Amino acid sequence: MKKSLVAVVATATVVGTAMAGIGVAQARTSDRPPVSFRPGLTAILQADADTLRKYGAPGVLVELATPRGDVRVRSGYGNVAERTPVPWDAKFRIGSYTKTYVAATVLQLVGERKVSLDDKVERFLPGLIRSKGNDGRRITVRQLLQHTSGLPEYFNGVTDSNTAEGFLKTRFRTYTDTQLVGLSMQFPSEFAPGSGWGYSNTNYVVAGMIINEITGHTWQHEVRKRIVGPLGLRDTYLPGISATIPRPHAVGYQRFAGPGATPEDPRYGEPIDATRLNPSMADAAGEMISTADDANTFLRALMTGKVLKRAQLAEMLRTVETSDALRDRWPGARYGLGILWATNSCGGYWTHGGDIPGFMTRNGVTPDGSRSVTVSINTDSLKPDPGVQLPTADISTDLVDHALCNAR
């Protein structure tokens with residue numbers, strides 16, 4: 001699978017290898033002493049969080065929401081230099097998890113009969129997609145949300161931000177959605193619309209533009225009005241071009257590949273602080289900021305019909321085959337509309353993670369919405385400890401499985 005938000009950044013990073021595990025389950029108010037809820041499960045999740053540090057996470061924050069209460073654990077450091085933990089109520093960039101909010105917004109518009117999933121992109125954005133086999137007259141809204149459009153990845157056109165020096169020079173650059181689509185149009189279509197599956201952030205930039213054309217408002221405005229406000233997600237933000245993350249937050253660390261890098265040996269340089277950046281580079285594909293609590297609230301509300309009507313939720317959860325690479329990362333992976341189905345030891349779960357410089361988000365929710373887990377890591381590039389190999393599956397797989405399948 002293409003990097004969920006960062007084709008410009010190499011695959012892995014860590015900041016130090018001797019970060020001791022910090023923290024156990026905690027009550028809601030961050031200055032209260034730790035409170036133990038279901039100690040056995042807490043211990044399992046703590047061990048899983050500690051393992052993520054060995055895979056290269058500077059710090060880890062985990063929150064599991066269940067009908068009986070929440071479990072929170074953390075490990076490592078939110079600020080390595082100061083040796084302080086990730087704040088319990090940390091805000092973080094959620095990267096491509098943004099896509100689930102955007103897909104839900106489009107589906108609300110479908111329910112209002114303002115758009116059909118079978119409408120062509122050309123109806124709303126005439127002439128925008130017309131280059132090198134890319135043709136908006138042939139691509140449907142459903143294919144955008146499903147990643148079956150064949151649109152090429154716009155990050156492939158960003159060539160000046162894939163080194164530490166380049167990132168530092170360009171991190172505050174503002175991109176418009178039209179510019180991002182223009183970057184994509186430099187490349188040929190990956191396949192005929194509907195004939196394959198290929199993850200491309202371009203799909204969701206276009207979906208955000210369609211929301212704007214239909215409503216007369218930005219996609220950010222509509223997500224706030226339709227999802228963030230009604231669900232009371234007080235710590236969820238759509239920052240636009242603002243480079244800052246509201247406090248409290250961890251430092252987001254990033255490494256970049258060095259000379260002669262290969263997928264097997266990226267030859268990473270020293271980590272840099274990538275916390276501040278202009279997220280317009282991600283737009284509707286991954287701009288948002290949230291907390292573990294808000295992220296879980298949205299997932300559970302989505303699964304229990306509080307966000308979409310029954311017909312539109314059914315459309316969201318209607319999946320298609322993906323790719324061998326994605327199934328290697330998430331066993332049994334099939335993609336719906338802005339959400340992924342994967343198998344686990346108790347049947348399966350819905351998920352959509354996200355990567356953006358400095359932060360990695362992973363999550364999972366049971367089909368009935370009763371249990372949800374969110375994992376935040378303050379790097380999107382992992383460099384494991386000496387002698388430790390990254391697993392073939394996503395590094396969060398065991399933790400998410402333990403959280404969802406042992407919390408009943």
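Helices (H or I, at least four residues) and strands (E, at least two) are taken as DSSP runs and numbered from the N terminus. On this basis, the secondary structure of the protein chain comprises twelve helices and 15 strands. The model is predicted: local features need pLDDT of at least 70 and side-chain atom pairs count only at pLDDT 80 or more, while totals for chains, interfaces and linings use all residues. Residues are numbered from 1 along each chain as its sequence is written, and side-chain values use heavy atoms, with hydrogens and water left out.

The C-alpha trace of the protein chain spans about 55 × 50 × 35 Å along its principal axes. Of the 408 residues, 60% are buried (under 20% relative accessible area, 1.4 Å probe, protein chains only). The chain exposes about 15,400 Å², of which carbon and sulfur atoms supply 51% (Shrake-Rupley method, 1.4 Å probe). Among contacts (heavy atoms within 4.5 Å) between residues at least 6 apart in sequence, 73% join residues at least 24 apart.

Helix α2 (residues 98–111) packs against helix α9 (residues 292–303) at an angle of about 40°, with the axes 12 Å apart; axes are lines fitted to C-alpha atoms, for helices over the stretch in contact, and angles run from 0 to 180 degrees between N-to-C directions. The crossing of α2 and α9 is left-handed, the near helix being turned anticlockwise from the far one by less than a right angle. T100, Y101 and A104 of α2 meet D294, A295, F298 and L302 of α9. By class, this contact has five nonpolar, one polar and one charged residues (nonpolar: Ala, Val, Leu, Ile, Met, Phe, Trp, Tyr, Cys and Pro; charged: Asp, Glu, Lys and Arg; polar: the others, Gly among them).

Definitions and conventions: Buried means under 20% relative accessible area, exposed over 50%, partly exposed in between (1.4 Å probe, protein chains only).
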